[in-house]
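User: Please walk me through this model by question and answer. Keep it brisk.

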Amino acid sequence: MRKLLYLLASAAVMAGGCSEKKETPAGEGCGTIRIACEADATIDAAAAMAAVQGATRAAAKPDGKDFTLRIRGENFDKSWATVAAYNAEETAYSFPEGRYTITVTYGDPEAEGADKPYYAGATEVEVAARRTSTAQITATIGNSQTLVRATESFKKYYNNAEFTVTTGAGGIFTFRPCDEAEAEAVWVQAGKPLTLKGTARGQSQDGTSEGPLYTFTPEPLEAARPATRHIFTLDAKKVGSATLTVTLGEGYTETVELDVELNDEATE
């Protein structure tokens with residue numbers, strides 16, 4: 001009886017699935033997965049057009065080995081801090097035949113501010129017995145950017161401009177578009193609204209005192225698009241007037257022109 005129990009236990013171990021230990025090779029119905037990950041740092045959807053115009057811009061491009069990794073299958077769900085960590089122990093995992101979903105991410109999708117890009121990508125692989133399947137993943141940018149600019153014409157009639165972009169997630173970012181150096185675009189959550197408002201000084205009436213202070217009424221943008229830079233550009237044909245152009249992408253994918261209502265009741 002003892003010998004029979006031993007034989008049954010051995011059979012159960014052999015039928016129990018594939019091993020996750022380095023010292024044990026893959027079983028008859030198991031294969032391995034190799035991960036190859038890279039980042040596509042293109043921001044604007046109109047990248048091709050922007051490239052022709054010489055205006056292509058890209059975010060900082062993280063190394064594919066630094067992405068977090070998750071592998072899911074019918075009876076498997078495990079995550080690694082980095083792709084590099086998984087690749088270092090690749091031979092430790094043999095997967096039963098079947099389809100697996102590979103997901104990689106980098107950054108925080110809810111973070112907003114400078115240097116806060118978020119990348120994500122996914123693919124599926126079919127694992128075959130005694131074979132290595134390569135999961136080739138290109139992760140793209142999943143959040144958005146925003147920036148406020150002023151034309152030379154606007155700067156001719158206004159100065160000391162200070163504008164804020166408020167995001168649907170509660171972030172508030174200040175831009176001073178009349179300054180000599182252009183501000184850096186900031187990362188914001190995709191799919192949430194952006195609202196621009198601000199103030200600017202008009203021309204001085206006597207050349208010595210400060211000019212009137214104009215308040216620009218809030219202008220909303222319904223929802224920020226992923227992998228797109230949302231550019232608010234202020235223009236003016238004369239003092240006391242202004243036009244706001246909302247440009248989606250450096251390649252001018254889409255523009256919306258709005259006549260900005262100015263409130264000069266706060267004139268000083």
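This is a predicted model: local features need pLDDT of at least 70, side-chain atom pairs count only at pLDDT 80 or more; totals for chains, interfaces and linings use all residues.

User: Among contacts between residues at least 6 apart in sequence, what percentage join residues at least 24 apart?
Analyst: The count takes in contacts between residues at least 6 apart in sequence. Within that set, the share that joins residues at least 24 apart is 64%.

User: What share of the accessible surface belongs to carbon and sulfur atoms?
Analyst: The accessible surface of the protein is about 14,800 Å². The part of it that belongs to carbon and sulfur atoms is 49%.

User: Which residues touch the most other members of the largest nonpolar core?
Analyst: The largest nonpolar core holds 30 residues. Apart from it lies another core, of 28 residues, which includes Leu69, Val83, Tyr93 and Val127. In the largest core, the residues that touch the most other members are Val148, Phe154, Tyr158, Phe216 and Phe232.

User: Which charged residue sits over the ring of Trp80?
Analyst: A charged end lies 5.4 Å from the centre of the Trp80 ring. The cut-off for a charge over a ring is within 6 Å of the centre. The residue is Lys78.

User: Why is strand S14 largely enclosed by the rest of the structure?
Analyst: Strand S14 covers residues 229-235. Buried means under 20% relative accessible area. S14 is largely enclosed because its buried residues number 6 of the 7.

User: In which sense do S14 and S15 pair?
Analyst: On one hand, S14 is joined to strand S8 (residues 144-150) by 6 bridges, and those two run parallel. Gln145 stands opposite Arg229 there. On the other, S14 pairs with strand S15 (residues 243-248) over 6 bridges, with His230 facing its bridge partner Leu248. The sense of the S14 and S15 pairing is antiparallel.

User: Which are the edge strands of the open sheet of 5 strands?
Analyst: The order in this sheet is S10-S9-S12-S13-S17, with antiparallel pairing. Inside it, S12 (residues 194-201) and S13 (residues 213-221) are joined by 7 bridges, and Leu194 stands opposite Leu221. Edge strands pair on one side only. They are S10 (172-175) and S17 (262-263).

User: Is Arg130 buried or exposed?
Analyst: Arg130 lies in the loop between strand S6 (119-127) and strand S7 (132-141). Its phi is near 60 degrees, a positive value in a residue other than glycine. Its relative accessibility is 60%, and the threshold is over 50%, so Arg130 counts as exposed.

User: What is the relative accessible area of Asn160?
Analyst: Asn160 is found in strand S9 (residues 159-167). Its phi is positive too, near 50 degrees. Asn160 is exposed, and its relative accessible area is 55%.

Key. Residues are numbered from 1 along each chain as its sequence is written. Side-chain values use heavy atoms; hydrogens and water are left out. A nonpolar core is a set of buried Ala, Val, Leu, Ile, Met, Phe, Trp, Tyr and Cys residues joined through side-chain atoms within 4.5 Å. Buried means under 20% relative accessible area, exposed over 50%, partly exposed in between (1.4 Å probe, protein chains only). A charge sits over a ring if NZ of Lys or CZ of Arg is within 6 Å of the ring centre and within 35 degrees of the ring normal. Helices (H or I, at least four residues) and strands (E, at least two) are DSSP runs, numbered from the N terminus. Two strands pair if DSSP finds at least two bridges between them. Contact means heavy atoms within 4.5 Å. Accessible areas come from the Shrake-Rupley method with a 1.4 Å probe; for residues, only the protein chains shown count as cover.
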